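Subject: Structure handover

Hello,

Here is the structure I promised to pass on. Please load it first, then read the notes below it.

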Amino acid sequence: MRIARIVAKRLTLLLVMAPCAAAAEDAVKIDPIVVTAPGLTGDSSDASLGATVLGGAARRNFTGDSARLLQDIPGVSLYGAGGISSIPAIHGLADDRIDIRVDGAELTSACPNHMNSPLSYSNPAEVSEVTVFSGVAPVSVGGDNIAGSIQVKSAPPKFTGPGETPRLSGEAGSYFRSNGNAFGYHFGATLAGRLAQLSYRESDSQSDDYKAAGGFKPVGQGREGGPLLPGDQVGSSAYHGATNRELGLSLGTGGQLLQLTLSRQTVGFEGFPNQRMDMTDNDNRLFKLRYTGEFEWGDLEARLSYQDTRHRMDMGPDRFFYGTGMPMLTKAKTLGGAFKGNVFLSEKDLIRSGVEFQNYTLYDWWPPVGGSMGPNAFWNVDYGQRNKIDAFVEWERRWQPQWLSIVGVRSDTVLSDAAPVQGYDNGLAGWGTDAASFNAHGRRRNDYNVDLSALLRYTPDATLSYEGGYSRKSRSPSLYQRYPWSTNAMAALMNNFAGDGNGYLGNVELRPEVANTISVSGDWHDGAKESWGVKATAYVSYVEDYIDTRRCDFGQCSAANTGATSGFVLLEYVNQSAELHGLDLSGQALLRKGDPWGSLTGTGLLNYVRGRNLTTGDNLYNIMPLNAKLALVHRLGSWSSTAELQGVAGKREVSRVRNEVPTGGYWLAHLRTSYEWQHARLDLGIENLFNRFYSLPLGGAYLGQGSSMTTTGIPWGVPVPGPGRSIDVALNLRF
Ligand SMILES: [Cu+2]
């Protein structure tokens, strides 16, 4: 049958549900970026697949931030961070709660602020396909997550046919954004033969601080003695020297493929307007080896990857302590691997099974700088270890042409540990007391997690399909949630990946989070999937042992910290319970057929999510307020243009325990146009056309200038503003 044949044909299907991959295959022809959303929130039809790509290809040309590729996917929102490091959230759950993979390898960040988040290691120019599994995803996709999965893939090798001579191909591109004078380039060359392909790629991106629209006047600017930035300049938002280099070798014959990739990313500087430090150096080396083979009975994948990260942060030039700040160093090694297989038991039955492992080792220390920070180095996490071993089995059955089911079970075992620590030990009693208490505590933890998923799809006819499913997903606490130990305010403030400016303390006693999620979706369209389509997904998730926070009331934490309703506070991670629910709506309609004046299509997207802490009655942190996008797309031959309106409601339901700051609602307009020739593509865009001022709802607290090492050094209550108007241009060439 059709579905089974497609599975057998495609290597990439090891991780992807068959009907969706069929859709992806069709969509590849339309657009260089294919965003598929299989599973319950996803698309069983080709037409609605296209609808999740709202201008994605055009936007790729203007950015060095791969997470931005996801910004038009229903149910996905982005936490603001550094200029190339946005952190995705799916249905209100972000960051470590999502399984993120680049060409199959599960990358990890190595920084107490998650500055080098997994997607920051990919330049958008390297990305050929992004697959988003939201909410209820099959267990074969990955474990150790409660929010879903994001899989970034580079282009598969293309060998020459019989009798053809070796083929050299290449590409190059560059973009410029007027706001911040952002500039980037990429180039690559590929030599392909009958059995082998060799490729090299390089990309680079940089930007000055971006500017908010008029109206941004950070409170108390200059008062703290920091550099006096112009009122509209967003401090610590610049980045430069972000360079990716990748060498790839692929060998293939008769359905067998072996791929070796060596890559290195160096980032010279990346500012973080919502952190108290900036990344002043990051060096990431990645080795990936992957084998895939297809056989009559199914297919196999074996994978090995090794990631070595050296990370350094300190105060950048916009900050008060620039040059005399406090260096913080992180070193991490991640060894990962997998062995998976898909076996066709019959025309109707497919079994997916496999084992995966990951060994992650982390060192996080702050060298002495004298004064109150010395004479010893401060060890935030010493010899942290997080080692995982997973096994899964999953059964997919097509009962009838209209009915498809997938059920699976997965076991994830996570072993965490860390060595004893020490503080600066400069005579302040707190360092020694906190360290002694941490060192006396047993720190090794073994988590035995079990995940389940069951999905059902019903496609009664060519104009609609329904999906529904249940999953139980678990995630063990990260090392940065279990092991940071110092109740000293300055030390705690440096442990923060929320971007809210608060200080965080680890908790060795944390248990894994377990999410029980139910999701249903419907997909309605015309039979030919040409004139209209609407897709709706509703979901609810109950998370046991959700890792939230409580106010610190021990050690060096002050009594005032407990009751403060404003200002930055110190928090300890704790297990509580939480509930999230929401709705994603997307659709498109062909308003005017292609005649001499071209075709006109209207597209729309609406996301709603609500997250509550059931233990405390508080709201969950950084939940994207109700938001919508409406766009008109005009196409005439190779010329394509989009006018987009983006509306976001005010963020009122804020996390009280974190003193999260509300943000106002706003409307923005964007214009983009592109023309494509045989060997070239030109893109032009104006973002934030009317230069409206707005605050990023998920951008966190503005900490980009001033004295960031104390809770009171920077005025509280200013969210990071969004960028003002930018005129963008990009040119891409290929041969
Ligand atoms: Cu960092």
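The copper ion has four protein donors: C111 (SG), M115 (SD), H311 (NE2) and M313 (SD). They lie 2.0 to 2.7 Å from the copper ion. Bear in mind that this is a predicted model.

What is the arrangement around the copper ion? It is tetrahedral, because the four donor atoms subtend angles of 86 to 122° and the rule asks for all angles between 85 and 135 degrees. In sequence, the donor residues follow the spacing C-x3-M-x195-H-x1-M. The pair C111 and M313 links distant parts of the chain, 202 residues apart. C111 sits in the loop between β6 (105-106) and β7 (129-134). M313 belongs to strand β15 (residues 298-314). Both C111 and M313 are buried.

Next, confidence. The protein chain has a mean pLDDT of 88. Of its residues, 90% reach 70 or more. Two stretches need care. Over residues 1-56 the pLDDT is below 50. That stretch still has 145 contacts in the model beyond near neighbours in sequence. Over residues 220-226 the pLDDT is also below 50. Here the contacts beyond near neighbours in sequence number 16.

Now the packing. The largest nonpolar core has 59 residues. Those with the most contacts inside this core are M277, M326, L362, W366, Y424, M490 and M494. What does M326 touch, leaving aside neighbours within four places in sequence? Its contacts include the copper donor M313, as well as D314, M315, V369, M373 and M709. M326 also contacts M277, W366, Y424, M490 and M494. Another core lies apart from the largest one. This other core has 32 residues, among them I73, L107, V132 and V152.

Last, the rings. There are 19 aromatic pairs. One of them joins F320 and F321, edge-to-face, at 4.9 Å centre to centre and 75° between the planes. F320 counts as partly exposed at 37% relative accessibility. F321 is partly exposed too, with a relative accessible area of 25%.

Y466 and W524 also form an edge-to-face pair, at 6.1 Å centre to centre and 80° between the planes. Y466 lies in strand β21 (residues 464-475) and W524 in strand β23 (residues 513-525), so this pair ties together parts 58 residues apart in sequence. Y466 is partly exposed at 35% relative accessibility. W524 is partly exposed, with a relative accessible area of 32%.

Ring pairs also link W366, F378, Y424, W431 and W485 into a cluster.

Best wishes

How values were computed: Residues are numbered from 1 along each chain as its sequence is written. This is a predicted model: local features need pLDDT of at least 70, side-chain atom pairs count only at pLDDT 80 or more; totals for chains, interfaces and linings use all residues. Side-chain values use heavy atoms; hydrogens and water are left out. Donors are N, O and S atoms within 2.8 Å of the metal (3.2 Å for Na, K and Ca); water is not among the atoms, so sites may look incomplete. Four donors count as tetrahedral if all angles lie between 85 and 135 degrees; four count as square planar and six as octahedral if opposite donors are over 155 degrees apart and all others between 65 and 115; anything else is irregular. Helices (H or I, at least four residues) and strands (E, at least two) are DSSP runs, numbered from the N terminus. Buried means under 20% relative accessible area, exposed over 50%, partly exposed in between (1.4 Å probe, protein chains only). pLDDT is the predictor's confidence in each residue, from 0 to 100. Contact means heavy atoms within 4.5 Å. A nonpolar core is a set of buried Ala, Val, Leu, Ile, Met, Phe, Trp, Tyr and Cys residues joined through side-chain atoms within 4.5 Å. Rings of Phe, Tyr and Trp (its six-membered ring) pair if their centres lie within 6.5 Å; planes under 30 degrees apart count as stacked, over 60 as edge-to-face and the rest as tilted.
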